[in-house]
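Here is a friendly tour for anyone who likes to read a model residue by residue. Have the coordinates open and follow along.

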Amino acid sequence: MICFNKISVMPVLPKRIERLSELAYNMWFSWNPDAQDLFSRINHRLWDEVQHNPVRFLLNVPSGELSEAAADPSYQTAYDRVLHRYDDYMRRKSWYETRFPEAADRRVAYFSAEFGVHESHPVYSGGLGVLAGDHCKAASDRGIPFIGIGLLYRHGYFDQRINREGWQVPHYPELNFKELPLLAVQDESGKDLFIDVEMPGGTVRVQIWRMQVGRVPVYLMDTDVTANPQEFCRLTGQLYGGDCDTRIGQEILLGIGGVRALRAMGIHPDVWHINEGHAAFSGIERIREFVNRGYSVNAAIEAVRASTIFTTHTPVPAGHDVFTTDQIHHYFSRYYPELKMSRNEFIELGWDPERQGFNMTVLAMRLAGYVNGVSQLHGEVSRRMFCWMYPAVPVDEVPIGAVTNGIHTASWVAPPLRDLFVKHMGADWDEHIADPDQWRAVEAIPDKVLWDTHQQLKERMITRVRERVMQQRRRNGELLPYIQEAANYLDPKALTIGFARRFATYKRATLFLRDRERLARLINNPDRPIQFLFAGKAHPRDRQGQELIKELHELCRDEQFKGKILFIEGYDIALARLLLHGCDVWLNNPRRPYEASGTSGMKAALNGVLNFSVLDGWWPEAYDGENGFVVGEAKDYQDWGVQDADDAHSLYATLEDRVIPAYFNRENGVPGEWVKMMKASIRAIAPRFSTERMVTEYVERYYLPTGTRGRIFTADNGQTAEGVQAFKHFIREHWPKVSFTSVRTLNDSHNLRAGDQLEFDVVVYLEAIPHRDVRVEVVYGKPVDNGITDPQVVPLKFVEQPADGSYRFGGKLTLPQGTFGYGVRVRPVHPDFAQDFEMPQVTWARF
Ligand SMILES: *Cc1c(COP(=O)(O)O)cnc(C)c1O
């Protein structure tokens, strides 16, 4: 066998511009176009060739060109300006330091299986990864002491190519980490840092790399190192690749390895944010650490919960990893003794009775003090999905909150639009993104200017798309005329509808095809033509998703649709940007309610591209009747067939009656009504659906309280954690005896008027539980099928102790008008609980 090793050698940079290499190794460049210009203006072609990767650029640029730039006064000016801004960004006092000086040293560790920061760094598959990347960028902007933890995949996710027959062919590029903006982390003696993680087949050595995202470091773990046998090297081969064993192996690396990597670097976070269930094993490793320090296992669990927040990202059942008990046992049996847990106790932590397996989402929920979904609707759907964990808690009160996702504005705004924003909102517009007031200035952009800017972006997109289609056909060895005709595809005057996202079946990429004749009429209307652009990857094992791509590919070859419907291969952040800057309308028609949030529509809205979407995920929060369009109704369906038919019908009808007329109604060449909607879209959506607003919410609602609780629980060798676990144990033991002896209302329940008070007299038997450890309360709200909605809670006060173990509570409820339902319940309370239903124990009075 012949073996070669690779080394990468950087050029000696001319002194005058030597800090280019510093810029190349900070992903800050990815949201600062003038930093990118510093590279691209040296050699434009090379910049495109290296996929806008500044490290590869520097490795390959002829040194003569560098010297030329260094001697060019206009280059020097641009260089100085960018570096000045960079230094200012890295050093200035941040929002976080100013607002929360007392919490300045509380670090947040954010675990995620994918990070989508830039196209040159393909360790993401879709929305989850891009969200994680945007979260890091916003954390950097706001100066949050934030650290990302993930895996470094040798082959990334995959490169998508579509062959002549329309099948997706995955390509697995071999990433050379030395050609990426990545640095190997080193220990104190200057040697590359490694950690060990035990697996059933032996000990895996893990190397740690750092990707710097502005002020935020993201540490990525890699097992493809010389010391490891082949099977371990392959562990970090691909994102979401391999079989179930690879999957659990990767999740062990991410969770357990992630904690060890932080420790090896001397980092001790106060807040642990688990981004999706993949990283939930981090909690297991942390339990082990606490047990090693002498905590009881239950106190260790309390300490972990107090310092952990978990964000769930999908209501699609297949999106939650469920392992069999045998698999868990195979990987964790050596772990049980260290945790002082039995096999059953361990399995119990993640047990999902419905799916009869070990569910990573359930594990994460059990090990987190706070849990949230990623849109208000998704919060609601998640409360319904997981209400089985809280059988006695009304669905609306199940402790799962919501923080609606956002996008990193500076990364997603088209540069010409950014220039308009600077002109109308001021040069510091991107420091106040979440402030809705400043966005009013969008109204002052002259209609024609906004429209012309959009039109330029659209034409640029069309040119690029034509080039990409021709390139794909050349590679596939198509006939010359077929290659050449793509040069005339797409009409810059046609209403252009974009659809690009993962080809998961619930996203229904081919819904618009249900009535082909109607579609053909719309597309081929000579006065008001429309056209469609599609892109997206199907998971390599998702046959159905790949069939959808093939179906679209065939449609593109159909005479009726040729050049008017296109599928563009290789969806990634760069292609997303191109389409999101240049389309007129962004279509999203998932099967409600399976879209947890969806973020591409937010990127569209920011660029004045109007959303045309099912009222799922984030859209019900954003849509106000003037800033986009709706497909279908906000309604629950039992039957998918009916839902698809209804939504398809609505899609065509809305296109015909609203979207197309608004677009083609012109005055002096400008569609006034349309531009008004573009402005409404930018103004209403950009501030609220930004990561700036999102990370602010995470900080204020979750990171600060979690940091505080984490410290309290671990002070004095875990006294608080021990106290809480003892309390929970006591409650669990005695709760079965708790019951209501009597519940009376003291006044007549007839002839009541709004504002009257209903007086309650309640006796509850608590056996050994002291009355101050419970809360007795009346809950009332509008009656619905089997309960109430919008519950309001009135606590009752302790009155007396009529007998041993019996307690009388009383209080008054001021009556609202109308019919309402009420109940009386008792639940345990403790000052150190994160929320009302920290424990699922609740007992209701029977009527
Ligand atoms: C924003 C983004 C997504 C998310 O798209 P959804 O509309 O949320 O499905 C996926 N992939 C890429 C490359 C993105 O930039």
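Predicted model: local features only at pLDDT ≥ 70, side-chain atom pairs only at ≥ 80, totals over all residues.

## An antiparallel sheet

Gly781 stands opposite Gly821 in E28. Eight bridges link E24 to strand E28 (residues 821–828), and the two strands pair in the antiparallel sense. On to another pairing of E24: strand E24 (residues 774–784) and strand E25 (residues 787–795) are antiparallel too, with seven bridges between them. A hairpin of two residues takes the chain from E24 to E25. If you want a landmark in that pairing, look for Glu777, whose bridge partner in E25 is Pro795.

Put together, these strands belong to an open sheet of four, ordered E25-E24-E28-E29 and paired antiparallel. Which strands stand at the edges? They are E25 and strand E29 (843–844); each has a single partner strand, so one side of each lacks a neighbour in the sheet. As background, strands of a sheet pair through backbone hydrogen bonds, in either a parallel or an antiparallel sense.

## Parallel strands around E19

The next stop brings parallel pairing. Strand E16 (residues 495–500) and E19 pair in the parallel sense over two bridges, and Gly498 has Trp586 as its bridge partner in E19. E19 also runs parallel to strand E20 (residues 610–614), joined to it by four bridges.

Do the side chains of strand E19 (residues 585–588) end up buried or exposed? Val585 and Leu587 point one way, Trp586 and Asn588 point the other way, and all of them are buried.

## The ligand and its shell

Now for the ligand, which is surrounded by 14 residues; the closest are Lys507, Gly598, Thr599, Ser600 and Lys603. The shell divides into five nonpolar, five polar and four charged residues. Helix H8 (127–142), helix H24 (573–582) and helix H25 (600–606) each contribute at least two residues to the shell.

Several distances may be handy when you inspect the site. A side-chain N or O atom of Lys507 is 2.6 Å from an oxygen atom of the ligand. For Lys603, a polar side-chain atom also lies 2.6 Å from a ligand oxygen. Thr599 takes part through its backbone, with an N or O atom 2.8 Å from an oxygen atom of the ligand. Taken alone, the ligand exposes 390 Å², and the protein buries 96% of that.

Where does Lys507 sit in the chain? It is found in the loop between E16 and helix H22 (516–523). With a relative accessible area of 8%, Lys507 falls under the 20% cut-off, so it counts as buried. Besides facing the ligand at 2.6 Å, the Lys507 side chain makes a polar contact of 3.3 Å with the side chain of Glu595.

Asp87 belongs to another part of the chain, helix H6 (residues 73–91). Its relative accessible area is 16%, which is under 20%, so Asp87 is buried as well. The side chains of Asp87 and Arg19 are in polar contact at 2.7 Å.

## Backbone details to check

A few spots deserve a look at the torsion angles. In general, most residues other than glycine have a negative phi, and most peptide bonds are trans. The peptide bond from Arg592 to Pro593, though, is cis, with omega near 0°. Pro593 lies in the loop between E19 and H25.

Which residues have a positive phi without being glycine? Among them are Tyr240, with phi near 55°, and Asn668, with phi near 50°. Tyr240 is in the loop between helix H9 (230–233) and helix H10 (244–264), while Asn668 is in the loop between helix H27 (640–664) and helix H28 (672–688). Tyr240 is buried because its relative accessible area, 12%, is under 20%. Asn668 has 78% relative accessibility, over the 50% cut-off, and therefore counts as exposed.

Terms used:
Residues numbered from 1 in each chain as written. Heavy atoms only, no water. Near = heavy atom within 4 Å. Polar contact = N/O pair within 3.5 Å; in protein donor to acceptor, adjacent residues only side chain to side chain. Areas by Shrake-Rupley, 256 points an atom, 1.4 Å probe, with all protein chains shown as cover. Nonpolar A, V, L, I, M, F, W, Y, C, P; charged D, E, K, R; others polar. Buried < 20%, exposed > 50% of the residue type's maximum accessible area, 1.4 Å probe, protein only. Pairing = 2+ DSSP bridges.
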